[in-house]
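I opened this notebook to record what I looked up in one structure.

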Amino acid sequence: MKLVILDRDGTINHEREDYIKSPEEWVPLPGALEAIARLNHAGWHVVVATNQSGIGRGLFDMVALNAMHAKMNQLLAKVGGRVEAVFFCPHTPEDHCTCRKPMPGLFQMIGQRFGRSLDGVPMVGDLPRDVLAAQSVGCEPHLVRTGQAATMPESELQALRQQVAGLTIHPNLSAFADYLILREQRVQGEDGPVTTHTGEIS
């Protein structure tokens, strides 16, 4: 099974400094839902791994979180996409849990749920803690320059590259999806030119 793991806030949807607390505040980034749909159509099973400390901080509850994800699923369905499951950590840093990224707990849960090793499974997020968590369980780490990574200086990106072996950086989730799909097509050696969603041929 082809599995890919996505961060949520800053990767799929816009981020807020005061946390995403309601379905109304959950707004997808341009092209992100379509990117997930393209991954699905290429045979990828998409799961989400997200820190949601707003629950532990008392800013919203499980009803609100479920409503956010119901909105995400409804919008995805309209463009022909889907997410298999959302794995989330509700804890604050003070809880010292093992599931809050960069700790590996969420990823271990994903491996157990799907009954497989995560070695080489692509994971993408917008924060160092995302790729550090991915690295800790053997995932293939990817960073998107949306969310908080949009303002990371080049010096921090270089330091992260040195810390996380094999890190690949993309402008956004759409570019990440194209990267995976085109790479697989090239590996399979499909005949003829490869066309991306932007109309480019390579």
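**Model.** I am working with a predicted model, in which local features need pLDDT of at least 70 and side-chain atom pairs count only at pLDDT 80 or more, while totals for chains, interfaces and linings use all residues. Residues are numbered from 1 along each chain as its sequence is written, and side-chain values use heavy atoms, with hydrogens and water left out.

**Sheet.** I took helices (H or I, at least four residues) and strands (E, at least two) as DSSP runs numbered from the N terminus, and counted two strands as paired if DSSP finds at least two bridges between them. I found an open sheet of six strands, paired in parallel, in the order 3-2-1-4-5-6. Strand 3 (85–89) and strand 6 (168–170) are the edges, each pairing on one side only. I then looked up strand 4 (residues 122–125) and strand 5 (residues 140–144), which pair in the parallel sense over four bridges. I noted L143 in strand 5 as the bridge partner of G125.

**Helix 7.** I used contact in the sense of heavy atoms within 4.5 Å, and axes as lines fitted to C-alpha atoms, for helices over the stretch in contact, with angles from 0 to 180 degrees between N-to-C directions. Helix 7 (residues 173–188) lies across strands including strand 1 (2–6) and strand 2 (44–51), and runs at about 145° to strand 5.

**Loops.** I found a cis peptide bond between K101 and P102, with omega about 20°; P102 is in the loop between strand 3 and helix 4 (105–114). Y19, in the loop between strand 1 and helix 1 (32–41), has a positive phi near 75° although this residue is not glycine.

**Rings.** I placed a charge over a ring if NZ of Lys or CZ of Arg is within 6 Å of the ring centre and within 35 degrees of the ring normal. R113 lies over the face of F114, at 5.6 Å from the ring centre.

**Largest pocket.** I searched a 1 Å grid over the protein atoms alone, where a pocket is an open set of points that fit a 1.4 Å probe, with protein on both sides within 12 Å along at least five of seven lines, and lining residues have an atom within 4 Å of a point. The lining has 20 residues, and D9, E15, Y19, R129 and Q148 lie nearest the centre.
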